[in-house]
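Take a look at the fold below before reading on.

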Amino acid sequence: MEHKVALVTGGARGLGRAIAERLLDNGLKVCIADIMEETGRAAAQELATKYGEERVAFECCDTSVEQQFSDAWTRCEEQLGKLDLLGGYITGSLLAFERMRSVGDDAPGVGGTVINVASIAAIKTLPFGPIYSATKSGVVGLSRALGHPLHHSLTGVKVLCLCPSLISGTPFLQCAMEKAFSPAVAKALQAAGGKIKPLTVPEVVEAFSKLLEEEVNGSVLVVEAGKEPYYSLPEIPS
Ligand SMILES: NC(=O)C1=CN([C@@H]2O[C@H](COP(=O)(O)OP(=O)(O)OC[C@H]3O[C@@H](n4cnc5c(N)ncnc54)[C@H](O)[C@@H]3O)[C@@H](O)[C@H]2O)C=CC1
Ligand SMILES: CCC(=O)/C=C/C=C\C[C@@H](O)/C=C/C=C/C=C\[C@@H](O)CCCC(=O)O
């Protein structure tokens, strides 16, 4: 992986920030793409101080807006080189097939890997955020379809998916509590939260590394506290 280039969406804070740092530890160059400009710039500056200015970049963009994401991608490649790895989501996965494609005479990219972060909410029944569960199920379905050998033969790009359970130590859940849930749902989640053993960010980063090392195209790796990470859902066709 050394000298490869990664773009980490949502890398300004939380899990994305920790993944960006792990990839830098492994010798990659990393561009953080995040909608939070100040936090993202500060994170990138801190990482550049530790790992070298030439290995870290920041691009402010809303990754759900294709043009913004695509422009950020172009600027990232101008600074760090052709992308090999994307921590992606939906727009990113589709863009990756266009921009990372290494198959065909007109191939614009060098192939590579997309890792989408979904959630255990896509695998198990969680009542707290039905729309969230629906979108995360979409991410799993998309990753599995794009991770089929057919697409790999056409693009040279692999697509993998990580499904963590509840993680402590990121601002995400508190934000959801304040902004996404009705007071009754927030109260129920708070009551249930006491009984759920959360994962730590480093545990999820370990699982991310396992997924990346094993690199089984179309695979979905679930990570829950107190268990070894395990692959879920039916066999991937070979
Ligand atoms: N925290 C948790 O308990 C769990 C989180 N996850 C998933 O893990 C991922 C990361 O979660 P956390 O690190 O906890 O969240 P977080 O809220 O700490 O970080 C998310 C980052 O994504 C950025 N972001 C959000 N929308 C964006 C957009 N449209 N364009 C660019 N950047 C955007 C935010 O600015 C932020 O920096 C999310 O996909 C979340 O659904 C999955 C399971 C559990
Ligand atoms: C906007 C966010 C939203 O609508 C909802 C978010 C809810 C949670 C975030 C999600 O990614 C975390 C999932 C946490 C799961 C916790 C426990 C599970 O391991 C329990 C599974 C139940 C079982 O084992 O049967």
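**From surface to sheet**

The chain exposes about 11500 Å², and 56% of that comes from carbon and sulfur atoms. Keep in mind that this is a predicted model.

Start with the overall dimensions. Along the principal axes, the C-alpha atoms fill a box of roughly 55 × 45 × 30 Å.

Now look at burial. Of the 238 residues, 47% count as buried; the cut-off is under 20% relative accessible area. Contacts tell us how the chain comes together. Take those between residues at least 6 apart in sequence: 66% of them join residues at least 24 apart.

Charges come next. The chain carries 22 positive and 28 negative charges. Their mean positions lie 7 Å apart.

Turn to the secondary structure. The chain has nine helices and eight strands. Eight strands form an open sheet with mixed pairing. Read across it, the order is E3-E2-E1-E4-E5-E6-E7-E8. Which strands stand at the edges? They are E3 (56-60) and E8 (230-231). Each has a single partner strand, so one side of each is left without a neighbour in the sheet.

What holds neighbouring strands together? Strands of a sheet pair through backbone hydrogen bonds, either parallel or antiparallel.

Begin with E1 and E2. Strand E1 covers residues 5-9, and strand E2 covers residues 29-34. They run parallel and are joined by five bridges. To find the pairing on screen, locate Val5: it stands opposite Lys29 in E2.

Now move along the sheet to E6, residues 157-164. Is this strand largely enclosed or open? Seven of its eight residues are buried, so E6 is largely enclosed by the rest of the structure.

E6 has a parallel partner in E5, residues 112-117. Six bridges join E5 to E6. Gly112 stands opposite Val157 in E6.

E6 also pairs with E7, residues 220-223. This pairing is parallel too, over four bridges. Here Pro164 has Val223 of E7 as its bridge partner.

E3 and E8 stand at the edges.

Note on methods. Residues are numbered from 1 along each chain as its sequence is written. Chains are lettered from A and ligands numbered from 1 in the order in which they are written. This is a predicted model: local features need pLDDT of at least 70, side-chain atom pairs count only at pLDDT 80 or more; totals for chains, interfaces and linings use all residues. Side-chain values use heavy atoms; hydrogens and water are left out. Helices (H or I, at least four residues) and strands (E, at least two) are DSSP runs, numbered from the N terminus. Buried means under 20% relative accessible area, exposed over 50%, partly exposed in between (1.4 Å probe, protein chains only). Contact means heavy atoms within 4.5 Å. Accessible areas come from the Shrake-Rupley method with a 1.4 Å probe; for residues, only the protein chains shown count as cover. Lys and Arg count as positive and Asp and Glu as negative; His and the chain ends are not counted. The place of a charge is taken as NZ of Lys, CZ of Arg, CG of Asp or CD of Glu. Two strands pair if DSSP finds at least two bridges between them.
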